[in-house]
Amino acid sequence: MDKEQKKRLKAQYRQNEQDEICVSIPMGIDELKDLLSFLNRESAPECDHTLKETVAFLKSKQIDPKVVVPWLGEHGGFCDCEVIYNVYDDVGDIVGWHLDENS
Ligand SMILES: [Zn+2]
């Protein structure tokens, strides 16, 4: 396999991975994007190692946390700050939300 082929396969793999994540997201892309900016807002309290802020956001949007929280866990989001860092890593490109643009 030459280098170009490898590169293409890798890109394809990445694309499939993104597609899989994309269909697995248990809420709207826009809502997920809003969640990330909500958690990353200026006045956000320090993370207390729970998903308190995330759950409050979901409830305010009438989204059932029981559906979303396990999904966040699959992507390493076990507390509010991990949602920004770990879940964001997986979905940032999909939702088109980027940390640096918001800081
Ligand atoms: Zn945390």
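Student: At what angle do helix 1 and helix 5 pack?

Tutor: In this predicted model, local features need pLDDT of at least 70 and side-chain atom pairs pLDDT 80 or more, while totals for chains, interfaces and linings use all residues. Residues are numbered from 1 along each chain as its sequence is written. Helix 1 and helix 5 (residues 80-95) pack at about 90°, with axes 10 Å apart. Helices are DSSP runs (H or I, at least four residues) numbered from the N terminus; axes are lines fitted to C-alpha atoms over the stretch in contact, and angles run from 0 to 180 degrees between N-to-C directions.

Student: What does that make them to each other?

Tutor: Helix 1 and helix 5 are therefore roughly perpendicular (65 to 115 degrees).

Student: Which residues make the contact?

Tutor: Gln18, Ile21 and Cys22 of helix 1 make it with Asp90, Val91, Asp93 and Ile94 of helix 5 (C-beta atoms, placed from the backbone, within 7 Å).

Student: How many residues of helix 1 are buried?

Tutor: The count is 0 among its 22 residues, and helix 1 is hardly covered. Buried means 20 or more other C-beta atoms within 10 Å of the residue's own, with C-beta atoms placed from the backbone. Helix 1 covers residues 3-24.

Note on methods:
Helix = DSSP H or I, 4+ residues; strand = E, 2+ residues; numbered from the N terminus. Expected span 1.5 Å × (residues − 1). Buried ≥ 20, exposed ≤ 12 C-beta atoms within 10 Å, placed from the backbone. Parallel < 35°, antiparallel > 145°, perpendicular 65-115°, else oblique. Contact = placed C-beta atoms within 7 Å.
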